[in-house]
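Me: Hi! Could you walk me through this one with me?

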Amino acid sequence: MIQQYKWRYLGLLLSRTKTPTLEDYLKAIEPLESRARECYSEIIPFGKDEFVEMMVLDGCFIIELFRKVGKLVTPEPDDPLFTMAWVSAFFLRDLLCLENQIPFFILERLFELTETSDEGEDRRSLSSLALEFFNMSLQRPDEQIEKHKNLVGKHLLDLLRSSFIPGDQLYESGTDNSPSHIIHCVTKLRSAGIKFKSTKAESFLLVKFRRGVIEMPTVTIDDFMVSFFLNSVAYEQCHKNCPKHITTYATFLDCLLNTSKDVEILCERNIIENYFGTDAEVARFVNKIGKDVTFDINYCYLSKLFSEVHAYYKNDLHVQCASLRYTYFDTPWSFISAMAAFVLLLLTLAQTFFTIYAYLYPR
């Protein structure tokens, strides 16, 4: 069925643009064939002509889909990709799969060939159209998409992944002090007085620790983000020189979320928006993506946060103060009970004082 969509979109593209022809597209991609093969870790079991045809077919389908979503091309009234919600949701996730990626330079070459004068002032870059397509699920502000209009990735997954990495954190850095440590789960951190607060930021990666508070932008956990996390972590694990931002964040979540209670606490604080399943299912998913991944905790963008949170947790004074607060002041009833006990203690001390005073200084 997917191949049927691809051939249909290619036919519509050719009939709309007239020129170049299909032969022109094949000739334009042919010189890039060897370079494209080198982008794949496995040997492609196709001959030169068949491989080039596959690149052109898949690439033109993706570009035409992006143009329709971006309203540069009007979709047909009976196009299932726009009339059936599950079809569009399928392709949103399918284009994130690591094994389905097409080299970005192939897409750029086809994009240049398929541009027409009809686009006029509404002409946008391939990166902008790609991010607008994924934004059907992400719902990021338009200014964030515009900010990344000139961003280039190795493929679409890398493009989307890179759009979440802030410019000043594009390259990872480490701590020069003591080694970083894996931190504890939400429940244990709260027992040491560490609080969690939802903040607004351009990227969910911008996590900070200030004065005993872990500040985290809201992250949505749904089918699309699950696919994004799984494929981004897989991509970062496969490429030695690739910054491990998503892997680091996934490991950070894996530390925080051990049980459904941990997830519940972050949901209550609007840090996690759960559209994936139960709290327990979210915890299991996070533990899955954080399992058996490799990254240098002393040389990652959250290395300082790991160290500071660990040091705060190990401070006995913080633990004792938190224990006192949660034992006596966590709920109104416990606070009232503590105050009643305190008043009773004062009255007892006063009674004892006056009793002794009356004995020592009788009238």
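**Helix packing and core**

Reply: Happy to! The axes of helix 4 (residues 48-69) and helix 7 (residues 104-114) come within 9 Å and cross at roughly 65°. Helices here are DSSP runs of H or I with at least four residues, numbered from the N terminus, and axes are lines fitted to C-alpha atoms over the stretch in contact, with angles from 0 to 180 degrees between N-to-C directions. This is a predicted model, where local features need pLDDT of at least 70, side-chain atom pairs count only at pLDDT 80 or more, and totals for chains, interfaces and linings use all residues. Residues are numbered from 1 along each chain as its sequence is written, and side-chain values use heavy atoms, without hydrogens and water.

Me: Which residues of helix 4 and helix 7 make the contact?

Reply: Helix 4 brings M55, V56, G59, C60, I62, I63 and R67, while helix 7 brings I106, L107, L110, F111 and T114. Contact means heavy atoms within 4.5 Å.

Me: New topic: which residues touch the most other members of the largest nonpolar core?

Reply: F229, Y249 and F252, in a core of 100 residues. Such a core is a set of buried Ala, Val, Leu, Ile, Met, Phe, Trp, Tyr and Cys residues joined through side-chain atoms within 4.5 Å; buried means under 20% relative accessible area (1.4 Å probe, protein chains only). Helix 4 gives the largest share of this core, 12 residues.

Me: And what is Y249 in contact with?

Reply: Leaving aside neighbours within four places in sequence, Y249 is in contact with F204, L205, V207, M216, V219, F229 and Y301.

Me: Is T248 buried or exposed?

Reply: T248 is buried, at a relative accessible area of 0%. T248 sits in helix 13 (residues 245-256), and the T248 side chain reaches the backbone oxygen of K244 at 2.8 Å.

Technical notes: Helices (H or I, at least four residues) and strands (E, at least two) are DSSP runs, numbered from the N terminus. Buried means under 20% relative accessible area, exposed over 50%, partly exposed in between (1.4 Å probe, protein chains only). A polar contact is a pair of N or O atoms within 3.5 Å; within protein, one must be able to donate a hydrogen and the other to accept it, and residues adjacent in sequence count only if both atoms are side-chain atoms.
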